[in-house]
Amino acid sequence: MQQMHFCVLLKITIATMKRLLPAFLMLFAFAANAQYNGVPMHDDLSEPLSQDSVVPTLKRIDKILNILREFRFQAYIQPEWQRADTTGVTTTGPLGTTGVGAFQGGTFPAASNNRFILRRGRFKFSFEHKNGKDLKIIDFAFQFDATERGFFIKDFYGRIIDPWIGWFGLQGGVFARPFGYETPSFPAFSESPEFAAVNQAIMPNEVELGEALVIESPAKFEPVYLRVDASIVNGQGIGVGLTNQTGSYQSRKDFIGRIKVGRSWDLGKARVGLNGSVSYYYGGVLQTTNYVFEYAKDSTGQAYYKNIASPKDVLKKIYKREYYGANLEFKADYNIGTTTLRGEFIAGQQPGGATSSSVPLGQINSPPISDLYLRHFMGASVLFDQAFKVKLKNHTMMNDITVKYDFYDPQAQVKGTDLALLRGFSITDIKYSTLGVGYTFTPYNWFKLIVWYDHVMNEKASIPGFASDYKKDDVLTIRTQFYVDSWWFTGSKSKYRDNLMLKKY
């Protein structure tokens with residue numbers, strides 16, 4: 001009887017083991033890969049996987065898991081409530097366009113001084129593949145932004161990288177303009193709710209369509225992080241404003257170049273990082289009317305806008321669009337917190353319109369019917385962020401205090417008091433400065449609360465209503481951010497100290 005019971009029990013045990021074996025194998029493979037640190041993979045993803053025995057099966061599962069780790073998804077939403085000093089009444093005419101909140105997420109509704117908006121709702125899916133030398137040879141990404149205002153593509157590009165040393169890559173598609181710090185940065189990691197006004201004005205929507213040569217140091221190259229971008233793009237951006245404001249309406253293409261360097265050092269229990277870049281943009285804007293205005297002085301020395309266009313050049317002549325930029329950041333990470341100090345400067349010539357200093361946009365592939373104003377602009381931003389770590393057992397929460405100052409002068413050749421309507425100037429030429437102060441609470445990586453106040457100031461100008469600082473365009477923003485990143489579950493890639501220190505997003 002006991003022998004019979006033993007046999008029955010043995011059969012049940014064997015049957016149970018057969019059922020549980022695949023689960024145990026999967027768990028074992030997952031545990032083994034928890035320490036995965038860039039195990040070399042074959043260059044050919046189509047290589048058949050062995051199915052001969054248990055040991056090859058483990059290798060097969062191992063390889064599948066490694067391939068899955070090559071994929072990454074990032075998703076975040078930024079719902080926020082804002083209140084302005086006044087309603088968003090806008091006027092567009094000879095004076096230009098006025099309205100509160102233009103650089104704080106878009107001008108407020110005409111009869112409202114507060115609103116709920118979904119500032120960003122983004123999902124990014126990317127893929128990186130390494131070869132047998134542990135070098136990244138493929139980079140692919142697709143990102144979209146979906147809010148109550150519409151659906152926009154933010155990234156849709158591919159990059160192939162040389163398999164010998166892993167430095168040189170060819171990239172094509174829709175990608176962030178590689179100019180300066182803020183424009184190509186990842187907004188989910190930004191200390192302030194919005195980019196500086198100068199970045200928003202000269203490069204709205206952050207992305208472009210074209211091809212690029214990318215030279216980037218491999219992940220295992222320790223001495224320094226280096227990246228060089230040389231891009232040829234359409235120049236008009238995509239998905240800016242109305243959904244039909246896309247496409248290239250001129251033969252001339254624009255060049256964007258940037259050299260970016262980052263280095264970090266361990267100093268005892270602290271880590272210090274230094275990052276910087278220099279950027280250059282060279283392109284042009286097509287003349288589409290009989291009027292192209294440029295800064296000049298009359299016989300009395302008074303500044304005014306002079307028409308330099310010839311009617312025969314309509315839809316033929318291109319006027320220069322040229323920017324210079326530089327940024328530098330210092331970052332320190334230590335026991336009680338992190339300190340960040342960053343500055344960015346941009347200047348150049350911008351062919352804008354009468355009521356906006358941004359480049360005029362066409363309708364689909366048709367050129368805009370807009371007079372051009374060739375303005376020499378200047379803009380900059382300075383940010384200081386002090387984060388304090390609050391540790392609860394093995395968990396760390398962050399509390400940040402941030403101060404940011406930025407200015408944008410669309411017409412840097414003319415002082416504010418010389419801006420007069422009779423000489424062709426308008427509200428569009430007025431310099432604005434913004435002082436922002438905020439508090440950020442990050443209890444977990446997947447949630448962030450930002451309370452931010454922007455004090456907006458305009459220069460004094462000889463234009464009705466702007467003889468002094470307007471003082472009624474301040475904006476309070478309370479934002480919640482919900483974020484998820486698959487890198488959190490891949491130990492070899494979630495090195496946030498390195499990624500945030502050297503800006504390896």
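Colleague: Is Asp229 buried or exposed, and at what relative accessibility?

Modeller: This is a predicted model, and the value is computed from it. A residue counts as buried when its relative accessible area is under 20%. Asp229 therefore counts as buried, its relative accessibility being 3%.

Colleague: With which residue does Asp229 form a salt bridge, and how far apart are the closest N and O atoms?

Modeller: The partner of Asp229 is Arg227. Arg227 is buried too, with a relative accessible area of 15%. Between Asp229 and Arg227, the closest N and O atoms are 3.0 Å apart.

Colleague: Which residues are linked with Arg227 and Asp229 in a network of salt bridges?

Modeller: One of the pairs to consider is Asp139 with Lys136, whose closest N and O atoms are 4.0 Å apart. Asp139 is buried at 6% relative accessible area, whereas Lys136 is partly exposed at 22%. Together with Arg227 and Asp229, the network links Glu128, Lys136, Asp139, Arg159, Glu216 and Arg258.

Colleague: Which residue stands opposite Arg227 in strand 10?

Modeller: Strand 9 covers residues 225-233 and runs antiparallel to strand 10, with 9 bridges joining them. Across from Arg227, the residue in strand 10 is Lys260.

Colleague: Which residues other than glycine have a positive phi, and where do they lie?

Modeller: Asp134 is one of them, with phi near 65 degrees, and lies in the loop between strand 4 (114-130) and strand 5 (136-147). Another is Glu206, also with phi near 65 degrees, in the loop between helix 3 (197-202) and strand 8 (207-216). Glu206 is buried, with a relative accessible area of 13%.

Colleague: Are Glu194 and Arg120 buried or exposed?

Modeller: The cut-off for a buried residue is under 20% relative accessible area. Glu194 has 9% and Arg120 has 2%. Glu194 and Arg120 therefore both count as buried.

Colleague: Which strands each supply at least two residues of the nonpolar patch, and what is the area of that patch?

Modeller: The residues of the patch include Trp265, Phe330, Phe384, Tyr405 and Val437. Strand 10 (254-267), strand 14 (318-334), strand 16 (372-392), strand 17 (395-409) and strand 18 (432-444) each supply at least two residues. The area of the patch is about 1,000 Å².

Colleague: In which strand is Leu341 found, and what is its relative accessible area?

Modeller: Leu341 is among the residues that make the nonpolar patch. Leu341 is found in strand 15, residues 337-352. Leu341 is partly exposed, with a relative accessible area of 44%.

Definitions and conventions: Residues numbered from 1 in each chain as written. Predicted model: local features only at pLDDT ≥ 70, side-chain atom pairs only at ≥ 80, totals over all residues. Heavy atoms only, no water. Patch = residues over 30% accessible without salt bridge, like charges linked within 9 Å, V, L, I, M, F, W, Y side chains within 5 Å. Areas by Shrake-Rupley, 256 points an atom, 1.4 Å probe, with all protein chains shown as cover. Salt bridge = Lys/Arg side-chain N within 4 Å of Asp/Glu carboxyl O. Helix = DSSP H or I, 4+ residues; strand = E, 2+ residues; numbered from the N terminus. Buried < 20%, exposed > 50% of the residue type's maximum accessible area, 1.4 Å probe, protein only. Pairing = 2+ DSSP bridges.
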